[in-house]
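Hi everyone, thanks for coming. Let's have a look at this one together.

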Amino acid sequence: MQGMGAGLGALAAAGPLFNANKAFAAREKELNILCWEGYNSAQVLDPFRSQTGATVKAESLTNDPTMINRLRAGEINTWDLINVNNPWARKVMLPEKLIKPLPKAEFEPFFAKMMPEFKWPYKWAMSEDGSELIGMAQRFGPYSFVVNTDKVSRKTAEDTGWDLFNDPALAGKYGILESDDWNVFNIFIIAGIDPFKVHTPDEFAKFEETAKRVFKGAKLIGDIASMNQALISGEIDLHMTGGTYSVSPARADGHPNLRGITPLRGPLPGGKGGIAWIEITSTVNNPNLSPLALDFLKYVQGPEVAHTVAFAEGTFNPVAQMGNKACFDLFTKDELDAIQWDSLQEEMDRSAEYDIVPDYDKALDLMNAAKRLRG
């Protein structure tokens, strides 16, 4: 802090080139959020805009490495909040000084009203040594693949698991949801390999062979809307990557036969069959951070807003704040059914938590090459 003060003093002494108070004041009514789909919804942002009179901009992307690379490339000066999956804040962004810790005294009380698995001190919201609070948890869910249970029963899908995508009889009957990092995970798992470790040349050879076969056998590759429409129309019977996050809008629209599946077993640590994601939202280490960043993090913790986040336009998901009865009671029976609340706990128990693939870049190159072979 002394060094920072000296630096600001020196810049101020330089005259009109820098006015610290003016620079910070200029952002009191501005907030920029880099996030996954949902937090960019007008349903979430418009009430905050009205309350604060602020200009709030939010940009949604579909994989974490791209968002983090944006910060590395200089956009640390653009964004105030970043919303990514659980390991990135703790393992990458804090060590690289891309985010800054939150004031614990202000934010620790919110954890008391979260679901039991998110109570203070929640692992992914803390620094490795447990000394710093580095983000707030909210949306989460299991994310493996989705089936039309009229074509592939839930029992068969859970028991057969990822070997469904090794079955030649299903070639041409499945889709692949566009999501690079998740597709890398899943190609490893289909190949019978734990994605979250350093891989041998033999494992990469098996990964490459699996990627070529899986992409060749896909009926289509597309976004969430196209996957759900293809399931509804009968164009495909199942798709990878997918789960509550992707299929919930279709279930909410009256298609309960479409279901996210978490396999009973798999090659993940502990023999687990699926992967679960937990979003962590952190303050960017922006040298001119908007004071609204902390206000927004508190705003989305409220019961009504947390429910809005859970059912924001686009995708529907459980939220950690459902541990608060005032929040949980806002969910209707149909909404709980849309997010598969009936099996949520058992599916989370069968899932390893999203983590970082140590040799991700090599795997991504191999996967993209396999995708290009489709023509």
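Helix 6 passes helix 12 in a left-handed crossing, meaning that the near helix is turned anticlockwise from the far one by less than a right angle. Helices here are DSSP runs of H or I with at least four residues, strands are E runs of at least two, and both are numbered from the N terminus. This is a predicted model, where local features need pLDDT of at least 70, side-chain atom pairs count only at pLDDT 80 or more, and totals for chains, interfaces and linings use all residues. Residues are numbered from 1 along each chain as its sequence is written, and side-chain values use heavy atoms, with hydrogens and water left out.

Back to our pair: helix 6 covers residues 104-111 and helix 12 covers residues 292-299, and they pack at an angle of about 15° with their axes 11 Å apart. The two are therefore roughly parallel, the word for angles under 35 degrees. Which residues meet? From helix 6 we have Glu106, Phe107 and Phe110, and from helix 12 Leu294, Leu297 and Lys298; contact means heavy atoms within 4.5 Å.

Now for some backbone features. Most residues other than glycine have a negative phi, and most peptide bonds are trans. The bond from tryptophan 120 to proline 121, though, is cis, with omega near -5°. Proline 121 sits in the loop between helix 6 and strand 5.

Lysine 97 has a positive phi, near 60°, and glutamine 340 has one near 55°. Are they buried or exposed? Lysine 97 is exposed at 59% relative accessibility, while glutamine 340 is buried at 2% (buried is under 20% relative accessible area, exposed over 50%, with a 1.4 Å probe and protein chains only).

How values were computed
Axes are lines fitted to C-alpha atoms, for helices over the stretch in contact, and angles run from 0 to 180 degrees between N-to-C directions. Angles under 35 degrees count as roughly parallel, over 145 as roughly antiparallel, 65 to 115 as roughly perpendicular and the rest as oblique.
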